[in-house]
2 protein chains.
Amino acid sequence: MNLSLEDLEDLARGAAFLGTGGGGDPYAGRLMVRQALEAGGTLDIIDLQDVPDDALIIPTAMMGAPTVLVEKLPRGDEAVKSLRALEQHLGKKAFATMPIECGGINSTMPLVVGARLGLPVVDADGMGRAFPELQMETFHVYGVSGTPMAITNEYGDTAIIISHDNHMMEWLARGVTIRMGGAAYIAEYSMDGRTAKRTAVPRTLSLGLQIGRGIRHAREQHKDPFEELIAVLRETPYQYGTLIFEGKLVDVWRETTQGFARGRAVVAGTGDSAETLEILFQNENLVARANAELKAIVPDLICVLDSESAEPITTEGLRYGQRVKVMAVSVPPIMRTAEALSVFGPQAFGLQETFRPIESLSNNVTR
Amino acid sequence: MNLSLEDLEDLARGAAFLGTGGGGDPYAGRLMVRQALEAGGTLDIIDLQDVPDDALIIPTAMMGAPTVLVEKLPRGDEAVKSLRALEQHLGKKAFATMPIECGGINSTMPLVVGARLGLPVVDADGMGRAFPELQMETFHVYGVSGTPMAITNEYGDTAIIISHDNHMMEWLARGVTIRMGGAAYIAEYSMDGRTAKRTAVPRTLSLGLQIGRGIRHAREQHKDPFEELIAVLRETPYQYGTLIFEGKLVDVWRETTQGFARGRAVVAGTGDSAETLEILFQNENLVARANAELKAIVPDLICVLDSESAEPITTEGLRYGQRVKVMAVSVPPIMRTAEALSVFGPQAFGLQETFRPIESLSNNVTR
C-alpha cells in the first residue's frame with residue numbers, strides 16, 4: 001500500500017480518533033512523515049500476512065506525556081536511533097517496523113522510521129487503540145517480552161532495558177523518559193513474523209485511514225460526519241459506535257505527573273438537559289460518567305470530537321468552551337477477554353467500576 | 001596481594017574513613033567478601049602498574065543512597081551481573097575489576113566481584129575518596145567516557161546506558177536507581193590498562209588497609225588512635241590530617257531525596273567552648289562550619305569519628321548524643337587542580353564557599 005499526502009491527512013485524523021484522546025498531536029506526526037517523503041523516502045505499508053515467519057519486526061514509538069510533546073516537538077529521526085540501537089544490541093537487522101499503538105503521533109512515527117530507513121511498515125499494532133503504558137499491549141497479553149528495548153532522546157543518549165517483567169520495563173522506561181524531559185523514543189517488543197501474526201491487532205493503519213477518510217468524505221459531501229463514522233465502524237471489527245453525550249466543555253483539570261498527562265474534563269449538556277459528563281484520563285480517556293452513572297469505560301474507546309466537524313480532540317487539546325460530541329466505540333472481542341481486561345481494563349487504571357461493554361450501556365443517549 | 005580476614009576488617013574501617021561519611025555500611029561490605037571467600041573464591045589484588053596496557057578493566061560499584069542500603073542489603077552477586085551485562089554489551093571479557101570510589105561498601109564491592117569471578121582487583125580507584133555522583137571521578141576529569149555502563153537490581157533487571165556526556169549518564173542512571181528502589185549495582189568507566197594508569201588514583205585499597213590497620217594497632221597498644229591516624233596519613237599522598245572539632249551530636253537532619261541521602265549534622269563543642277560545628281552532607285560530608293566560619297570543605301576529607309575508638313561514623317549512622325571527633329584531611333594535588341575542582345569542588349555541590357585547603361584553615365582547632 002502507498003500513501004498519498006491526502007491519505008496521510010486522513011490517517012492522522014483517524015489515528016487521533018483511535019487514540020481516544022492520547023497519542024499526541026497527529027498534525028506533528030503527519031508533518032514528520034511528509035518531511036521524510038519530501039526528502040526522498042518512500043513508504044511501503046505491508047500486510048501482516050506478507051511478513052515472513054522468521055523475519056524480525058522492531059516496533060517503534062514515542063513515549064511520554066502528550067502535554068510535553070506539544071512543547072518539545074520531535075525532529076523526526078529520534079525513533080530511527082532507537083531502532084538502530086536495538087538492532088545493534090540484538091546483533092540483527094530489522095526486516096520491518098510496526099506501530100505499538102494506534103493513535104495520534106504513534107501511528108505516524110513508524111512511518112517516519114520506515115520512510116527514512118527504507119523499511120516496510122507492518123499494517124498492525126499492539127493495542128488496537130492507544131493506551132498509556134508499555135505493558136498494555138496485546139503483545140504482552142499474549143506472552144511477548146517487551147525487552148530488550150531501546151530508549152533515546154533528541155541528543156542520542158540511549159538506554160537499553162532488559163527485564164523478564166514487562167511491568168518493570170514500563171516502570172524503568174518511564175523513569176528514563178521523565179529524566180529525558182518527559183518525552184522519549186523507543187524500540188521494543190521486537191519479534192518475528194510468526195509471533196506478530198499471533199499477537200498483533202491487524203490492519204489498524206488501514207482502519208485509521210478508513211476512519212479519517214470517512215470523516216473527510218462526510219464533510220465534503222455535507223453529510224453528518226458522526227453518522228458516517230458509525231457507518232464506517234460497522235464494517236470493521238470495532239462494529240458498534242454511538243454518541244453518548246453532547247455539550248460544552250466547562251472544566252478541564254490537567255497535570256503532567258510521573259511522566260503522564262492525568263486529568264479530568266467536564267462537559268455540560270446542551271439543550272434541556274441538566275446533566276454533565278465527567279471524563280477521566282491518563283494520556284487517554286478512561287471513563288465517562290454522567291451524574292455518577294457509567295456511560296463508557298476502558299478499553300472501549302471514548303472519543304471527544306468537535307461537534308461540527310467531528311475532528312478528534314486529544315486530551316492536551318481540550319479547552320474551555322469547546323462544543324463537543326462524545327462517541328464511544330466497542331473494541332474487538334480479543335481486547336475484551338479476561339486476560340486482556342486484566343492488563344488494560346478498568347482495574348489496571350485503579351478505577352472502581354468493572355468493565356461493561358458500550359453496547360449494554362448506551363441506550364440512553366443524552367443530547 | 002592477598003587479604004586475610006583481619007585485613008578485611010582493617011580495609012573496611014579504612015575505607016569507611018576515606019568514605020568521609022558516604023559509601024554505605026562497611027560492615028555489610030566486609031560480610032559479602034567474607035562470604036565469597038568462604039564459598040571458595042580467592043582474592044587477587046594487583047598493582048595498577050601490573051595491568052597490561054591493552055587489558056580491559058571494568059570497575060564495579062553500588063549506586064544509591066546509603067540510607068536505603070542499610071535497609072536493602074545486597075546479596076553479593078548483583079555487581080557481578082552488572083559486570084557480565086557490560087561485558088556482553090561490549091562483546092569483550094574483563095581482565096580485572098576496580099573500585100570507582102574509595103569508601104565504605106564500594107571499596108569492598110569489587111572484591112566480592114573479583115572473588116566470585118576469579119578476576120584480579122586493581123589497587124586504585126576513580127575518586128581517591130567517596131563522592132555522591134558518577135561524573136565526580138578522576139576518570140571523568142581526565143577524559144574517560146563513563147558509558148556504556150550497566151546498572152542492575154537484585155532481580156537482574158538491567159539497563160545499559162550510552163551517552164557522550166557523563167553528567168547525562170549520572171542523571172539517567174540516578175533515575176533508574178530511584179526506580180530500582182534507591183540502590184542499584186553498576187559497571188561503568190570500562191577502560192584499558194593504559195588509560196587507567198593515566199587517570200586512576202593509585203593504591204587506594206592499600207591506603208584503606210593502612211588506615212584501618214593504624215587505628216587497630218593504636219587501640220591494641222592503648223595509644224591515641226587519632227595521633228596514629230595523623231602519623232599514618234603523613235606517609236601517604238594525603239599527608240595532612242588534623243582534628244578540627246570535638247563534641248557531642250545534638251542535631252541530625254536527614255532525608256532521602258532524588259536518590260541521595262542529604263542532610264545536616266550539628267556537633268556541640270565540649271569543654272568551655274560554646275561553639276557548634278555544622279556539617280552538611282550529600283551521601284558524603286561536604287562542608288564543616290563552626291559558627292559560620294569555614295573549617296573544612298570538599299574535596300578535602302571531613303571524617304566524623306567516635307571520640308574514643310576513632311571508628312568512622314557514616315552519615316546514615318549519625319545519632320543524637322554520639323561523642324565524636326571530626327578530622328579533616330588534605331587530598332593529593334591531582335584532586336585539587338582547577339579541572340578537578342570544577343568537577344567535585346564546592347561549586348559542583350552548590351556551596352557558596354570557594355575551596356580552601358585544610359592546611360590553610362586548620363590552625364585554630366577547637367575542643
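1. How many residues of chain A are in contact with residues of chain B? The count is 14 residues of chain A with 14 residues of chain B. Contact is defined by C-beta atoms, placed from the backbone, within 7 Å. H7(A) gives the largest share of the chain A side, seven residues. Strand S7 (158–162) and helix H7 (166–179) of chain A each supply at least two residues of that side. By class, the side has nine nonpolar, three polar and two charged residues. Here Ala, Val, Leu, Ile, Met, Phe, Trp, Tyr, Cys and Pro count as nonpolar, Asp, Glu, Lys and Arg as charged, and the others, Gly among them, as polar.

2. This is a predicted model: local features need pLDDT of at least 70, side-chain atom pairs count only at pLDDT 80 or more, and totals for chains, interfaces and linings use all residues. Residues are numbered from 1 along each chain as its sequence is written, while chains are lettered from A and ligands numbered from 1 in the order in which they are written.

3. Strands cross the chain boundary. S7(A) and S7(B) run antiparallel and are joined by five bridges. Thr158(A) stands opposite Ile162(B). Helices (H or I, at least four residues) and strands (E, at least two) are DSSP runs, numbered from the N terminus. Strands pair if DSSP finds at least two bridges between them.

4. Chain A has an open sheet of seven strands, ordered S15-S14-S13-S12-S11-S17-S16, with antiparallel pairing. Strand S15 (293–297) and strand S16 (301–306) are its edges, each pairing on one side only. Within the sheet, S11 (241–257) and S12 (260–269) pair over ten bridges. Trp253(A) stands opposite Arg264(A) in S12(A).

5. Helix H1 (5–18) of chain B is mostly covered, with ten of its 14 residues buried. Buried means 20 or more other C-beta atoms within 10 Å of the residue's own, with C-beta atoms placed from the backbone; exposed means 12 or fewer, partly exposed in between. Among the buried residues are Leu8(B), Asp10(B) and Phe17(B). The buried residues pack against H2, H5, H9 and S16 of chain B. Just after H1(B), Thr20(B) takes a positive phi of about 45°.

6. The largest nonpolar core has 240 residues. Such a core is a set of buried Ala, Val, Leu, Ile, Met, Phe, Trp, Tyr and Cys residues joined through C-beta atoms within 7 Å. Val326(A) and Val326(B) have the most contacts inside this core. Not counting residues up to four places away in sequence, Val326(B) touches residues including Leu243(B), Phe245(B) and Ile302(B).

Definitions and conventions
Contact = placed C-beta atoms within 7 Å.
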